[in-house]
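Subject: Structure for your review

Dear colleague,

Please find below the structure that I am handing over to you. My notes on the aromatic residues follow it.

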Amino acid sequence: TPLIVLGFKTVPLGSHLTPVFEVLGEMLCGGKWGVLVNDLVYDKRIFASVQCDSSHLMEAGVFSIVGVPSPGRDVFDSFKILEEKLLGATSKFNEELLVTARNKILADFYFNIESVRDVVFDLVEFEMGGGAGLINEYPDAIKRVNMEDVTKAMESYIREELMTVGVLYG
């Protein structure tokens, strides 16, 4: 099954924009309600799955969208549709979607801190991003993300000329 991966270089670990990309990922790919998932997986069934990931390293980050075309779909046609829907996604953004995305991230965060193992991993990630104590500020950072932040991130980082595309066959 082929995978289509769209990648965009973003911000390094510890950037004030890190929470914005997390919220953006949820708005695009979260649950059944994410803009891309809702449209391409559930409504049009062009993709079997679409997932977003925001990874941050010390010098740069990567925001990626991974799509698995539905069986029988041409991979390159599917790529063009995914690209078009991604680049036009801000027209589907609204306040309700933003609130849902923030709430999902916070619910996941609070659920994860119930496990000692996950707390350790989170503390290591925060330590690498500027200090383990930042874990205490994370919920407020997510709550502060607004529609302007998400729109600016899309306009600045998620653009066709900045996109790296990979098609992986398994």
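A residue counts as buried when its relative accessible area is under 20%. Phe63, with a relative accessibility of 0%, is therefore buried. Phe21 is likewise classed as buried, since its relative accessibility is 0%.

Please note that this is a predicted model. The protein chain has a mean pLDDT of 93, and 99% of its residues reach 70 or more. Among the elements of the chain, helix H2 (residues 35–43) has the highest mean pLDDT, at 98, whereas helix H5 (residues 116–128) has the lowest, at 80.

As regards the aromatic rings, the structure contains four aromatic pairs. One of these is formed by Phe21 and Phe63; the pair is tilted, with 6.0 Å from centre to centre and 45° between the planes. Because Phe21 belongs to helix H1 (residues 18–29) and Phe63 to strand E3 (residues 61–69), the pair ties together parts that are 42 residues apart in sequence. Together with Tyr157, Phe21 and Phe63 form one aromatic cluster.

A further aromatic pair consists of Phe109 and Tyr110, which are arranged edge-to-face, with centres 5.3 Å apart and 65° between the planes. Which of the categories, buried or partly exposed, applies to Phe109, and which to Tyr110? Phe109 is buried, its relative accessible area being 9%, while Tyr110 is partly exposed at 40% relative accessibility.

Yours sincerely

Definitions and conventions
Residues numbered from 1 in each chain as written. Predicted model: local features only at pLDDT ≥ 70, side-chain atom pairs only at ≥ 80, totals over all residues. Heavy atoms only, no water. Phe/Tyr/Trp six-rings, centres within 6.5 Å; stacked < 30°, edge-to-face > 60°. Helix = DSSP H or I, 4+ residues; strand = E, 2+ residues; numbered from the N terminus. Buried < 20%, exposed > 50% of the residue type's maximum accessible area, 1.4 Å probe, protein only. pLDDT = per-residue confidence, 0-100.
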